[in-house]
Amino acid sequence: MSVSVRLGQLALNILSRWSIKPLPPKPESGMCYLTIGSRTHWLMLRESMFSLYRSWKKLPTITVVSDGSWSAADFYPVFCWWPAKINVLSRERIIAQAHAAGERELAQYAEASAWGLKVASIVLLARREPLLFVDADILWFADPADLFGPSDFWAKPRGVRESNCYQHRDLALRFCPKVLEPPFVNGGILALHGEFLPEDILRAMVHEALADPKDGTFEQTIIATAVKLGGEFFPEKLSLVEFDDVHRFRSRDMQDEGYYSRHYVNWMRHLLYRDALRLRWRSVLSRNYFPSG
């Protein structure tokens, strides 16, 4: 293992033993903040939520979807430090909602893989209220409220960009070749209030994804198509999705570079734990949990 990976493992071990005491309340924004994860993602999710609390002046309403590896009874004691109610939705509930909406393929996709569960959750919940979906492997470094704008204007899907093209090429060529052209879409953050994709396109793309539901490129391409066909990108500084420091001793500093968040995709997780530990120490040294600037 590289020095960077070893430091990440050390940070993970420290964080796993460093509990969070109940935090004082903050004003609430009313925004719905949706995320999803397995039991193995709980430490990442905890640090993601802590970074959110530390950075955001107003807290969103958190909704967490279980992939089936944990229940609400398991979850609440571990996350009781959060100063507001957390809504927990089971995989079965999302599947039932998809069936009730007449979305048979979407229900099958949600049942077959976590990728499908993510797509189904976004599609169904965004029809009801303004929704910000955020992957569990994202840390926040500054308050992005000004970049989001009023939720009244969230009718179009808005996503974040990345430099890599992680798409299913055949699916993209059939439905939206633009996703194969830069700027490429990353599926880690998406804001929406309304329809994700036209009904016929969504159903057809999900049907294609059912051929190999555990292939994450299908999910990425479906989200990228929603952004490229009828949506737009957030400002570039909302989130960094880059990999050039994956093995460096000194990783990139989001606050110095002016980024509001960073997405630590699967091979970057050791950097997530390193940066999360750094955020925890900064909070201890500042003697409070409020933004420093």
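**Close-ups of pockets, cavities and cores**

**View 1. Around the second largest pocket.** The lining here splits into eight nonpolar, four polar and four charged residues (Ala, Val, Leu, Ile, Met, Phe, Trp, Tyr, Cys and Pro are nonpolar; Asp, Glu, Lys and Arg are charged; the others, Gly among them, are polar). A heads-up before going on: this is a predicted model, where local features need pLDDT of at least 70 and side-chain atom pairs pLDDT 80 or more, while totals for chains, interfaces and linings use all residues. Numbering runs from 1 along each chain as its sequence is written, and side-chain values use heavy atoms, with hydrogens and water left out. The second largest pocket has about 270 Å³ of volume. Among its 16 lining residues, Ser29, Met31, Lys58, Ala145 and Phe148 sit nearest the centre. Strand S1 supplies the largest share, four residues, and helix H7 (145-148) gives at least two. Helices (H or I, at least four residues) and strands (E, at least two) are DSSP runs, numbered from the N terminus.

**View 2. Into the largest pocket.** This one holds about 620 Å³ of space. Trp115, Asp135, Asp137, His263 and Arg269 are the closest to its centre, out of 23 lining residues. Two elements give two or more residues to that lining, strand S1 (28-37) and helix H6 (114-126). H6 has the largest share, with three residues. Sorted by class, the lining comes to nine nonpolar, eight polar and six charged residues. A pocket is an open set of points on a 1 Å grid with protein on both sides within 12 Å along at least five of seven lines, and lining residues have an atom within 4 Å of a point.

**View 3. The largest cavity.** There are two cavities of 30 Å³ or more (a cavity is a set of grid points where a 1.4 Å probe fits but cannot get out). The largest has a volume of about 60 Å³. Its lining is made of Phe141, Arg252, Asp253, Met254, Gln255, Asp275, Arg278, Leu279 and Arg282. Helix H11 (254-257) and helix H12 (269-286) each give two or more of these residues, and H12 gives the largest share, four. By class, that's three nonpolar, one polar and five charged residues.

**View 4. The second largest cavity.** About 30 Å³ of space lies in here. Around it are Gly159, Val160, Arg161, Phe234, Pro235, Glu236, Leu238 and Ser239. Four of the lining residues are nonpolar, two are polar and two are charged.

View 5. The largest core has 43 residues, and Leu106, Phe196, Leu197 and Ile222 have the most contacts inside it. H6 brings the largest share of this core, eight residues. Apart from it lies another core, of 34 residues, including Phe50, Trp70, Phe79 and Trp82. A nonpolar core is a set of buried Ala, Val, Leu, Ile, Met, Phe, Trp, Tyr and Cys residues joined through side-chain atoms within 4.5 Å. Zoom in on Leu197 and its contacts (heavy atoms within 4.5 Å): setting aside residues up to four places away in sequence, Leu197 touches Leu202, Met205, Ile222, Thr225, Ala226 and Leu229.

View 6. Glu103 sits in the loop between helix H4 (91-100) and helix H5 (104-112). Is Glu103 buried or exposed? Glu103 counts as buried because its relative accessibility is 8% (buried is under 20% relative accessible area, exposed over 50%, partly exposed in between, with a 1.4 Å probe and protein chains only). Leaving out residues up to four places away in sequence, Glu103 touches Ala98, Arg127 and Arg203.

Technical notes. Points joined across faces, edges and corners; volume = space filled by probe spheres on them.
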